[in-house]
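This briefing is intended to be read beside the sequence and the coordinates. Please keep both in view while going through the points below.

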Amino acid sequence: MKDEYDLSKMKSRKNPYASKLKKSVTMRLSEDVIDYFKEMAEEKGIPYQSLINLYLRDCVA
């Protein structure tokens, strides 16, 4: 890798994935609910936040 790059000629562009990004929110959930999703997520091998997101997305559909 070069020590120095000339980025002055570089053009900026919008992120093509911006519409698909997740938005950070704060929610207050009961400990038993969090424990339930953490246990299930550990069995499935995915982060519990992703599991909650999948569950809520299914509820919306």
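**Overview**

The chain contains 2 helices and 0 strands, where helices (H or I, at least four residues) and strands (E, at least two) are DSSP runs numbered from the N terminus. The model is predicted: local features need pLDDT of at least 70, side-chain atom pairs count only at pLDDT 80 or more, and totals for chains, interfaces and linings use all residues. Residues are numbered from 1 along each chain as its sequence is written, and side-chain values use heavy atoms, with hydrogens and water left out.

**Overall dimensions and surface**

- The radius of gyration of the chain is 19 Å, whereas a compact globule of 61 residues would have one near 10 Å; the radius is taken over C-alpha atoms, and the globule rule is 2.2 Å times the number of residues to the power 0.38.
- Along the principal axes, the C-alpha atoms fill a box of roughly 55 × 30 × 20 Å.
- The accessible surface of the chain is about 6,700 Å², and carbon and sulfur atoms account for 52% of that area; accessible areas come from the Shrake-Rupley method with a 1.4 Å probe, and for residues only the protein chains shown count as cover.
- Of the 61 residues in the chain, 7% are buried (buried means under 20% relative accessible area, exposed over 50%, and partly exposed in between, with a 1.4 Å probe and protein chains only).

**Charge**

- The chain carries 12 positive and 10 negative side chains, and the centres of these two sets are 15 Å apart.
- Lys and Arg count as positive and Asp and Glu as negative, while His and the chain ends are not counted; the place of a charge is NZ of Lys, CZ of Arg, CG of Asp or CD of Glu.
- A surface patch of negative charge brings together Glu31, Asp32, Asp35, Glu39, Glu42 and Glu43.
- Patches consist of residues with over 30% relative accessible area and no salt bridge, with like charges joined within 9 Å and nonpolar side chains (Val, Leu, Ile, Met, Phe, Trp, Tyr) within 5 Å; a salt bridge is a side-chain nitrogen of Lys or Arg within 4 Å of a carboxyl oxygen of Asp or Glu.
- Glu39, a member of this patch, is located in helix H1 and counts as exposed because its relative accessibility is 54%.

**Nonpolar patch**

- Val25, Met27, Leu29 and Val33 make up a nonpolar surface patch, with about 350 Å² of accessible area together.
- Leu29 belongs to the segment before helix H1 (31-44) and is classed as partly exposed because its relative accessibility is 36%.

**The segment before H1**

- Glu4 lies in this segment and is exposed at 69% relative accessibility; the C-alpha atoms of Glu4 and Lys38, 34 residues apart along the chain, are separated by 45 Å.
- Lys9 is also found here, exposed at 74% relative accessibility, and its C-alpha atom is 45 Å from that of Tyr55, 46 residues away along the chain.
- Lys11 is located in the segment before H1 and has a relative accessible area of 77%, so it counts as exposed.
- Between the C-alpha atoms of Lys11 and Ser30, 19 residues apart along the chain, the separation is 47 Å.
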